Amino acid sequence: MHADGPRDAHALLLNGTVGVGKATVAEAVGDLLADVGVPHAVIGLDWLRKSWPAPLGDRFSFATRLVLAGVIEDQDER
């Protein structure tokens with residue numbers, strides 16, 4: 001909850017075959033949201049396939065562990 005009241009959470013999942021423009025559309029949606037002042041994050045899931053070692057037979061190489069990077073602004077966020 002935020003100081004100005006609860007906010008609804010929304011998610012947009014773009015799905016499609018390789019090379020159809022999912023990342024391009026995601027970036028464009030992010031730009032549109034920024035233009036109208038809507039707080040948001042655009043997360044490209046293609047990074048999830050950058051794993052080591054690549055599982056046998058999995059051409060997209062999805063990982064079994066996830067490494068997240070971020071910033072902790074203050075002690076309360078730990």
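Analyst: pLDDT is the predictor's confidence in each residue, on a scale from 0 to 100. This is a predicted model, and the protein chain has a mean pLDDT of 76, with 68% of its residues at 70 or more. Over residues 1-5 the pLDDT is below 50, and beyond near neighbours in sequence this stretch has 2 contacts in the model, a contact being heavy atoms within 4.5 Å. Where pLDDT is low, the predicted coordinates should not be read in detail.

Some ground rules come first. Because the model is predicted, local features need pLDDT of at least 70 and side-chain atom pairs count only at pLDDT 80 or more, while totals for chains, interfaces and linings use all residues. Residues are numbered from 1 along each chain as its sequence is written, and side-chain values use heavy atoms, with hydrogens and water left out.

Now the helix. The protein chain has 1 helix and 0 strands; helices (H or I, at least four residues) and strands (E, at least two) are DSSP runs, numbered from the N terminus. Helix 1 has 14 residues, which at 1.5 Å a residue should span 20 Å, and its end C-alpha atoms are 20 Å apart, so the two agree. The expected span is 1.5 Å times one less than the number of residues. After helix 1 comes Gly37, with a positive phi near 75 degrees.

Before helix 1 (22-35) lies the segment that holds Leu14. Leu14 is partly exposed, at a relative accessible area of 31%; buried means under 20%, exposed over 50%, and partly exposed in between (1.4 Å probe, protein chains only). Together with Leu12 and Val25, Leu14 forms a nonpolar surface patch of about 250 Å² of accessible area. Patch residues have over 30% relative accessible area and no salt bridge; like charges are joined within 9 Å, and nonpolar side chains (Val, Leu, Ile, Met, Phe, Trp, Tyr) within 5 Å. A salt bridge is a side-chain nitrogen of Lys or Arg within 4 Å of a carboxyl oxygen of Asp or Glu. Accessible areas come from the Shrake-Rupley method with a 1.4 Å probe; for residues, only the protein chains shown count as cover.

The segment after helix 1 includes Gly44 and Leu45. Leu45 is partly exposed at 49% relative accessible area, and its C-alpha is 9.0 Å from that of Ala23, 22 residues apart in sequence. Gly44 is partly exposed at 45%.
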